[in-house]
Amino acid sequence: MILEDDPVIGKFFDSPDKKARWIVRLKVLYILWICFMIFGILSLALWFFLK
């Protein structure tokens, strides 16, 4: 299945420029998600060891 043919999200990926922008946004969100996960795990570990 091609993203451009999808009836729901196809309008977001109908041009190469829009597709490139969304890929960059998704990469940034993925990196932020990883950072928040690491911060959360570290804060839980510190709380557990310092308690």
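This is a predicted model: local features need pLDDT of at least 70, side-chain atom pairs count only at pLDDT 80 or more; totals for chains, interfaces and linings use all residues.
The secondary structure of the protein chain amounts to 1 helix and 0 strands. That helix, α1, covers residues 16–50. The C-alpha trace extends over about 55 × 20 × 15 Å along its principal axes. The radius of gyration of the protein chain is 18 Å, whereas a compact globule of 51 residues would have one near 10 Å.

Burial and surface composition come next. Of the 51 residues in the protein chain, 6% count as buried. The accessible surface is about 4,900 Å², and carbon and sulfur atoms account for 78% of that area. As for charge, the chain carries 7 positive and 5 negative charges, whose mean positions lie 13 Å apart.

Tyr30 lies in helix α1. Its relative accessibility is 51%, so Tyr30 counts as exposed, the cut-off for that class being over 50%. From Tyr30 to Ala45, 15 residues apart along the chain, the separation between C-alpha atoms is 23 Å.

Met37 also belongs to helix α1. With a relative accessible area of 39%, Met37 is partly exposed, because this class takes in values between the 20% limit for buried and the 50% limit for exposed.

Key:
Residues are numbered from 1 along each chain as its sequence is written. Side-chain values use heavy atoms; hydrogens and water are left out. Helices (H or I, at least four residues) and strands (E, at least two) are DSSP runs, numbered from the N terminus. Buried means under 20% relative accessible area, exposed over 50%, partly exposed in between (1.4 Å probe, protein chains only). The radius of gyration is taken over C-alpha atoms; the globule rule is 2.2 Å times the number of residues to the power 0.38. Accessible areas come from the Shrake-Rupley method with a 1.4 Å probe; for residues, only the protein chains shown count as cover. Lys and Arg count as positive and Asp and Glu as negative; His and the chain ends are not counted. The place of a charge is taken as NZ of Lys, CZ of Arg, CG of Asp or CD of Glu.
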